[in-house]
Amino acid sequence: MDRGQAYTLEGTIGAIVVVTAVLIGLQAVDTGQLQSSEDRVSEQLATQSEDVLTVGAETGALSQVIRCWGADKSVVDGAVNSDENARFERMLNHTFDRQNRNYNIYLTYWNRSVDDRTERVISTSENQALAAPGRSTAVATQRITLYDDQQIQFGDGCTTPGYEIGEGAFKIPDVDTESPLYNIVEVRIVVW
């Protein structure tokens, strides 16, 4: 009887030692999913694009560039580093253009005349070909609310205020002329 208990105790202690060794060994080794360099680049681009849109929205730079594009700006990009760039374009230049990253910027807004959402690409002019994303691609979106009493922006760097959005010609239509809400614009950036 004593011999059987000794074998049981020996087996239990041996099992505890093996399990402990396996647990310690697993802690020393990374058992997570392997990531390719493209996955890491996509994650980094996703974080950067979300950050650019968030900072642009919080500082008002994104609303400013939308109001400038809606008035007289033909293309929104940060490719040219000059005084003519709006604050948001300088953010794009600093974050993506200097790293030789490409991006497309899309605006989506409600168009009451067709009773549907309209999407416009604002990172290229209409006569330019739209760049095709590569394998390491990230997408980020941000919504901006425009109001009737906000002023459009003109000039170099989109810093010259003009008339209120609800009073003049603007590329984005008013969703309800009876309310102070002008439109809600979704800004989507695709970076690769």
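A salt bridge is a side-chain nitrogen of Lys or Arg within 4 Å of a carboxyl oxygen of Asp or Glu. The structure is a predicted model, in which local features need pLDDT of at least 70 and side-chain atom pairs count only at pLDDT 80 or more, while totals for chains, interfaces and linings use all residues. Residues are numbered from 1 along each chain as its sequence is written, and side-chain values use heavy atoms, with hydrogens and water left out.

A search of the whole structure finds 2 salt bridges. One joins the side chains of Arg143 and Glu186, at 3.3 Å from N to O. This pair links distant parts of the chain. Arg143 lies in strand S3 (residues 138-147) and Glu186 in strand S6, 43 residues apart. Strands are DSSP runs (E, at least two residues), numbered from the N terminus. Arg143 is exposed, at 59% relative accessibility. Glu186 is buried, at 18%. Buried means under 20% relative accessible area, exposed over 50%, and partly exposed in between (1.4 Å probe, protein chains only).

Contacts (heavy atoms within 4.5 Å) were also listed for Glu186. Leaving aside neighbours within four places in sequence, Glu186 is in contact with residues including Tyr106, Arg117 and Arg143.

The side chains of Glu119 and Arg188 also meet in a salt bridge, at 2.3 Å from N to O. Glu119 belongs to strand S2 (residues 116-121) and Arg188 to strand S6, 69 residues apart. Glu119 is partly exposed, with a relative accessible area of 43%. Arg188 is partly exposed, at 22%.

Leu181 also lies in strand S6. Leu181 is partly exposed, at 28% relative accessibility.

Terms used. Helix = DSSP H or I, 4+ residues; strand = E, 2+ residues; numbered from the N terminus.
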